[in-house]
Amino acid sequence: MDQPTVDTIWDWLDQVPDPEIPVISLVDLGIIRDVRWEGDMLNVAVTPTYSGCPATSIINIDIETALRDRGIEKLTLTQQLSPPWTTDWLTEKGKAKLEEYGIAPPSPKGEPDRCPNCGGHDLERTSQFGSTPCKALWRCRDCLEPFDYFKCI
Amino acid sequence: MADQKALFEFLLRMGDNSLILGHRVSEWCGLSPVLEEDIALANTALDLIGQTQFWLGLAGEVEGKARSADDLAFLRDAWDFRNVLLVELPNGDFGQTLMRQFLYDAWSSIMLGRLMTSSDARVAEIAAKASKEVAYHVERSGDTVVGLGDGTEESHKRMQAALDYLWPYVGEMFDGDEVDAAMVAAGIAPDPAGLREEYDAFVGKVLNQATLTVPTDVFHHKGGRTGYMHTEHLGHLLTSMQWLQRAYPGATW
């Protein structure tokens, strides 16, 4: 087959869901740092969200599977630590999908803008940590529902 | 080029600190006083184990004997570990665990900040990644130390007891030897003693807010980071952490 363009590869990767938060793609999450052809070898650079995130190895398997299924035979995945991942790299599309899913997207002020369920602004933090390394637990005093907040780092 | 043996030792110290503390903290999983704290401790442990993979992974690379991070974590015995004694001490009660976490996080956040400008790009990269996570840890452990220290009569008493017990283990983090001298000479890492002033100022401020009194005795225990002599607790910890590789050598996932 003809060598797919880098843009095509990015599109394919944008269809690979994050294993923990499947409404957003790996591209939305901002962890795909580079896609490039070196001769007939495709190299994808991936950065971890958190050092100990257990999803990291699954993510690598998912990338490899997605690309091999589309006929990429020669593939290397490199781990890129620098610059370290930041929530600033989440795409706008990704942030909107997170909120729709019930997870408040990261906000530069360090706390959620509004309740992802009712849009209320009377919020309180229940824990700095949550069900995955990238989230914290919050509660809305308007609708009384707890919700996840995607931590800002 | 820096002395590779000294660099290997230095990386073991960094990796073993986060590994042993990460394992200790993970012992709380399912046992914490409330669910939110359980999740917080498990997440902290996870970050520390993740950082360990980077430090020990690089240590193995520098050593050049094809040992992976897993090999270094699971196939060494107590005398080969280079963590400070503070992190191998038993958890005690919840307050003691959080006090130990705070005393370590405070050191770690300052150390990682310095390492971000290391002359070794690999060290600087790991430090930049880890320091973001540790900034989050120290915010929480500091808040909890204040909350419990300046809490009820009972929680205050326990936090003061925890500080009195743990304080003699703080000094080891600022000890230096020929490994540190080699790291300083190569511009890879700072002289540990040079972190003390910033540490005392920061920790003193938080402990003061927590209405706790810093012990005045300057004696400190040592022997962990040099591997000269660990406490008896490390061996017990390893029997649990390394159980699988000890029972089934070479088992893979």
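Predicted model: local features only at pLDDT ≥ 70, side-chain atom pairs only at ≥ 80, totals over all residues.
**Ground rules.** I number residues from 1 along each chain as its sequence is written, and chains are lettered from A in the order in which they are written.

**Where the chains meet.** I found 15 residues of chain A in contact with 19 residues of chain B (C-beta atoms, placed from the backbone, within 7 Å). On chain A's side, eight are nonpolar, seven polar and none charged (Asp, Glu, Lys and Arg count as charged; Ala, Val, Leu, Ile, Met, Phe, Trp, Tyr, Cys and Pro as nonpolar; the others, Gly among them, as polar).

**A sheet in chain A.** Next I traced an open sheet of four strands, ordered β4-β7-β6-β5, with mixed pairing. Strands are DSSP runs of E, at least two residues, and helices are runs of H or I, at least four, numbered from the N terminus; two strands pair if DSSP finds at least two bridges between them. The edges are β4 (103-104) and β5 (123-127). β4(A) runs parallel to β7 (146-150) over two bridges, and A:I103 stands opposite A:D148.

**A helix in chain B.** Which residues of α8 (178-185) are buried? I noted B:V179, B:D180 and B:M183 (20 or more other C-beta atoms within 10 Å of a residue's own; exposed means 12 or fewer). B:E178 and B:A185, on the other side, are exposed. Helix α1 (4-26) of chain B is among what covers the buried residues.

Technical notes:
Contact = placed C-beta atoms within 7 Å.
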